[in-house]
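Please keep the model open while reading.

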Amino acid sequence: MSTVKTLTAGMEKKYVMYTCLSPLTMVGEVVMETIIPYIMAMIIDVGITNRDINYVLKTGLIMIGCACLSLVCGVAGGRFAAVASQGFSHNLRRNLFAKVQSFSFGNVDKFSSASLVTRLTTDVTNTQNVYQMLIRMSARAPFMLIAGTVMACMINMQLASLFLIAIPILVVAIGIIGSGAYPRFRVMLGKYDKMNNTVQENLIAIRVVKAFVRAGWEDEKFSKAADDVRAAQVRAEKVIVLLMPIMQIVVYVTMIAALWMGGKKIIVGDMKAGELISFLTYITQILMSLMMLGMIFVMLVLSRASVQRITEVLDETSGITSPADGLTEVADGSIDFDHVSFSYAKKAENCVLNDIDVHIKSGQVVGIIGGTGSSKTTLVSLIPRLYDTLSGTVSVGGRNVKDYNLEPLRDSVAMVLQKNVLFSGTIRDNLRWGNKDATDEQIAAACRAADADSFITSFPKGYDTELGQGGVNVSGGQKQRLCIARALLKNPKILILDDSTSAVDTATEARIRAALKSAHPETTKIIIAQRISSVRDADVIYVLDDGKISGHGTHEELLADNKIYKEVYESQQTGGDADIGSAAEGGN
């Protein structure tokens with residue numbers, strides 16, 4: 001019951017109404033189908049036996065009317081079920097997507113993006129198909145079973161005893177097959193996750209695949225993933241396909257037995273021909289209803305794995321949530337890390353940041369230098385609470401970040417990530433992610449500060465130029481500048497530039513830094529970089545080494561006191577390609 005409530009939470013009233021109407025119309029269809037064999041028996045045993053044409057015609061018209069009503073009820077029930085199932089899947093996908101949007105980075109890492117895509121598509125489709133079948137057949141099949149059994153017993157109780165043999169055989173067969181199929185379908189859906197992950201990686205990195213001429217290798221990789229899905233699906237369905245032959249054997253054997261026993265009763269005068277014909281019809285209805293129940297059970301088995309995977313997402317609690325009465329305004333851009341440690345595994349022995357103690361005044365320009373894997377990005381991700389600390393506190397505007405509602409906190413922080421992300425749509429649409437109400441003047445001013453206005457206006461359509469998925473039709477440096485402009489439109493109290501000028505030349509970078517300093521003097525700016533030229537004018541520079549603060553100070557102070565910083569500076573001044581990571585190793 002709790003699973004049903006989870007899956008149908010927030011469902012629109014009209015779809016609830018359709019869900020209720022479908023089984024009601026199915027009951028109407030069953031009533032008509034149950035009456036028809038009885039009327040047919042009356043036509044044979046009364047009308048034809050007595051050669052009463054008027055009785056045959058009148059009763060025949062009644063039977064035709066019942067058949068028409070049955071058809072109308074069946075069509076209505078099918079339509080109601082189709083509309084209800086579409087509404088159910090729409091509601092379910094909406095709830096799933098909203099839930100994923102509330103996840104922290106840690107929650108997304110737990111499921112993986114490929115698995116979440118499969119759950120939003122394949123698993124929801126499987127559940128939708130079962131829902132449609134369930135609301136149609138859950139009322140029709142049991143009601144048909146009961147009504148048909150009552151009518152068959154009224155005709156001949158001795159023949160009706162055949163059901164006592166047939167029904168247990170079907171129930172046992174359904175139970176055995178269902179219990180064996182579930183784990184196999186669970187494995188199959190896991191294979192779907194891996195296949196989707198392969199497709200996703202290939203499409204995202206298609207330029208890398210082409211550059212390294214790895215299309216053939218990627219083809220083989222996908223073929224293997226697709227073959228794994230096919231093999232898992234065949235293995236699962238091998239069990240399911242056994243159900244239908246078993247059901248048909250039981251149905252046909254029961255009908256043969258009824259014909260043999262009923263024929264003998266007609267010969268000795270204990271039964272009429274019309275009664276036997278109607279009895280056979282009721283046998284067919286009863287056993288077909290059992291087959292329907294069996295198919296419902298099979299569909300439930302098939303969807304059980306999908307339902308479980310969906311409820312795993314819906315029941316997942318976000319690792320980061322807003323407090324009940326959280327703060328809604330950030331006072332300023334000051335930032336304080338008080339003895340902060342962090343671990344992705346939430347274990348003290350696996351910390352990637354250790355005892356970080358950093359204090360940044362509002363409006364300061366702060367540089368962060370560190371080798372690859374020194375957790376620079378992780379450090380700044382703690383400021384807008386994309387992750388939570390393992391120990392210690394992070395404060396913004398003089399208050400612990402955990403005291404803020406997430407939306408105003410994150411709205412006061414603009415991040416230009418190391419991996420720049422643009423979306424399908426125009427340049428203007430992408431820029432308005434920073435401020436949906438930004439005027440054309442504000443957009444142009446932000447682009448001038450990011451040194452992007454010149455190349456945008458060189459396009460034939462200017463700010464209305466359509467960007468391909470991920471911004472594939474602009475260069476890396478142009479993409480970076482667009483992302484900086486988008487962040488500036490937020491007018492944030494804190495601006496984080498995570499190696500976001502690596503794809504532009506030093507002259508362009510210098511213009512961007514100068515524009516940021518003059519246009520947004522009150523904004524706290526944190527610049528993560530590999531090039532010392534990017535941070536040398538910062539008010540304070542922090543050197544990260546293996547998740548710890550190796551030193552901090554101005555450019556001149558670090559040159560005098562910090563060995564790692566000095567070695568990197570000298571290597572870059574002489575044109576060497578040594579980075580901070582290699583310098584750190586040399587200094588240890």
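In helix α17, the buried residues are Gly 477, Gln 478, Lys 479, Gln 480, Arg 481, Leu 482, Cys 483, Ile 484, Ala 485, Arg 486, Ala 487 and Leu 488, where buried means under 20% relative accessible area, exposed means over 50% and partly exposed lies in between, with a 1.4 Å probe and protein chains only. Because 12 of the 13 residues of α17 are buried, the helix is largely enclosed by the rest of the structure. The model is a predicted one, in which local features need pLDDT of at least 70 and side-chain atom pairs count only at pLDDT 80 or more, while totals for chains, interfaces and linings use all residues. Residues are numbered from 1 along each chain as its sequence is written, and side-chain values use heavy atoms, with hydrogens and water left out.

Helix α17 covers residues 476–488, and its 13 residues reach 19 Å from the first C-alpha to the last, close to the 18 Å expected at 1.5 Å a residue, the expected span being 1.5 Å times one less than the number of residues. Its buried residues pack against β6 (413–416), α14 (427–431), α15 (440–449), α16 (453–457), β9 (494–498) and α18 (506–519), a contact being heavy atoms within 4.5 Å.

The protein as a whole has 21 helices and 12 strands, which are DSSP runs numbered from the N terminus (helices H or I, at least four residues; strands E, at least two). Its radius of gyration, 35 Å, is well over the 25 Å that the globule rule gives for 588 residues, so the protein is more spread out than a compact globule; the radius is taken over C-alpha atoms, and the rule is 2.2 Å times the number of residues to the power 0.38. Along the principal axes, the C-alpha trace spans about 120 × 50 × 50 Å. Buried residues make up 46% of the 588 residues, and among contacts between residues at least 6 apart in sequence, 77% join residues at least 24 apart.

His 339 is found in strand β1 (residues 335–342) and is partly exposed, with a relative accessible area of 49%. Arg 385, by contrast, lies in the loop between α12 (376–381) and β4 (391–396), and at 5% relative accessibility this arginine counts as buried.
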